[in-house]
Amino acid sequence: MRYMASFDIGTTNVKGILVTSDAGIFLENNVELRVIRHEDAVEQEPIEWYDAVKKIAASWFKVGIKAADIGLLTFSGQMQDCIPVGEDLEPLRPAILYSDGRASEQARRMLEELGESAIQERTMNPFDGSLTFPKIMWLKEREEETYRQTRSFLVSSKDYVIARLTGECVTDPTSAATTGCMDVRTREWIGPWLERYGVDAAKMPKIAASDSIVGKVTAEAAVATGFAAGTPVLCGIGDAGAATLGAGVYEEGDVYSYIGTTGWVAGASTGFLDVQSGAFNLSYVEAGRQISIAPLSNAGSAHQWAVGAFGSGSKVGDTMSYKLFDRAVEQTERGVDDVLFLPYLNGERCPVQDAEASGCFIGLKPSTTRERMGTAVLEGVAYSMRQVLELVAKRQEDGSLRVTLIGGGAKSKIWCQIMADVLGCELVVPKDSQYLPSLGAAALGFRHAGWSEDYSSAGRAFKELKNATVYEPDEKLRAHYDRQYEKYKRMYPAVAPLFAE
């Protein structure tokens, strides 16, 4: 095997890499995706995920890569979706994404009927309308014909692409843990719950090990994509699992943070976090091992909003707008005022669970500039990250902590420095961190290819290979940020009653 192809199917784009035996990235490419928003709905067209994979593959073949040189396909993707597909594996409607909370009513009813303690004991996770199980119930009640025609309710964006490539409807334990109906200990669907709510168990995808070969590229898919017919396809892993592997986090105590549109702080563990905090316990690649993950609903999305609200670029979302915004933040003096921003623009899941929460500033004065407000937005996300970091990680006896930061947000150098200052820890940003979930998904195939003995050694190899930038906290700002953090933690309890009105 000369190359392994790995795809990370996110919310804003699909990234694809060709990986070599030394875990190096030979070629990379990415294709942007559309998000469909109307009222409170957040959806995507699954066919666009498949089309993006085909487009990336075509770019490789165009520069001389031969299909026969790609010995394995592997994937990661956004989780917690509801993707109903028909007998022909075509989508029956747009995918309902993880951030879509339309099934809140169904979730509240199921919580009351099944019991919160019983749900948490079986799933070891919070239960709300963002999970796949309540979304299936929403479809069953609101779009009865769609439910009837559904062959399978897929969970992750990569599950859909795998189905189109192989004809198999499967998902992995990490993704299945975000549905609200998988037993986290047995890694099986909870049959009595499905039966109670009239959900045909046959409509649920098979849960397969992330590193298992679930099928091969069919003749039809080979014509559509250019991949060789018969190429093995792995089950792959949900994006949180892929990012964890790509960050080299596999041993107990390892911790990293991901900043994409949303974000999280996560570590590897053999135990479980308290789910009352809003944290999740996701099944990792091997039985008995979990990913302890505290999710942030507002991360890169808050950065994007700040660029549009307080930046001076001509077009929100273009590279120059971000560069101009970051340059203005760099030139803004920090530590001289008490401006704080609560970054809950899209509600929040952890460390508070409040879908109605919103963003707000305090400490504004006539002297406050738009640059200072933009800086406060980045600081607000960093404070939020510090809160969830305290749930997941323990500092050394001397108070030190080392956190790996990955994701698109890590491309902003000033934001990385702000995060190091607010967290009060050493922040390590690997080169090309936006491709690490794809590299983590590729690690699933290393044993098949004979490139690595186990995941622990793969994690060590990833850490050794990466050229990283290290950000040290500014000791001159430590006292200021510690004081501001204590005030920040009191913001949400103070304004929460207003969100409920």
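Me: What is the strand order in the open sheet of three strands?
Reply: This is a predicted model, where local features need pLDDT of at least 70, side-chain atom pairs count only at pLDDT 80 or more, and totals for chains, interfaces and linings use all residues. Residues are numbered from 1 along each chain as its sequence is written, and side-chain values use heavy atoms, with hydrogens and water left out. Strands are DSSP runs (E, at least two residues) and helices are too (H or I, at least four), numbered from the N terminus. The pairing is antiparallel, and the order is β4-β5-β8.

Me: Which strands stand at the edges?
Reply: Two strands pair if DSSP finds at least two bridges between them. Each edge strand has a single partner, so one side of it is left without a neighbour in the sheet. The edge strands are β4 (36–38) and β8 (95–96).

Me: Which residue in β8 stands opposite Glu43?
Reply: β5 and β8 pair in the antiparallel sense over two bridges. Opposite Glu43 stands Ile96.

Me: Is Tyr98 buried or exposed?
Reply: Tyr98 sits in the loop between β8 and α2. Buried means under 20% relative accessible area, exposed over 50%, and partly exposed in between, with a 1.4 Å probe and protein chains only. Tyr98 has 14% relative accessibility, so Tyr98 counts as buried.

Me: What is omega for the cis peptide bond that joins Cys350 and Pro351?
Reply: Most peptide bonds are trans. Pro351 is in the loop between β21 (340–342) and β22 (360–362). Its bond to Cys350 is cis, with omega of about 5°.

Me: Which helix gives the most to the lining of the second largest pocket?
Reply: On a 1 Å grid over the protein atoms alone, a pocket is an open set of points where a 1.4 Å probe fits, with protein on both sides within 12 Å along at least five of seven lines; lining residues have an atom within 4 Å of a point. Of its 43 lining residues, the closest to its centre are Ser99, Gly101, Asn346, Arg349 and Ala355. With four residues, the one giving the most is α2.

Me: Which residues have the most contacts inside the largest nonpolar core?
Reply: In soluble globular proteins, nonpolar side chains tend to be buried together. A nonpolar core is a set of buried Ala, Val, Leu, Ile, Met, Phe, Trp, Tyr and Cys residues joined through side-chain atoms within 4.5 Å. The largest has 65 residues, and those with the most contacts inside it are Phe133, Trp189 and Tyr256.

Me: How far apart in space are Glu379 and Met419?
Reply: Glu379 is in helix α13 (residues 370–392) and is buried, with a relative accessible area of 2%. Glu379 and Met419 are 40 residues apart in sequence. Their C-alpha to C-alpha distance is 7.2 Å.
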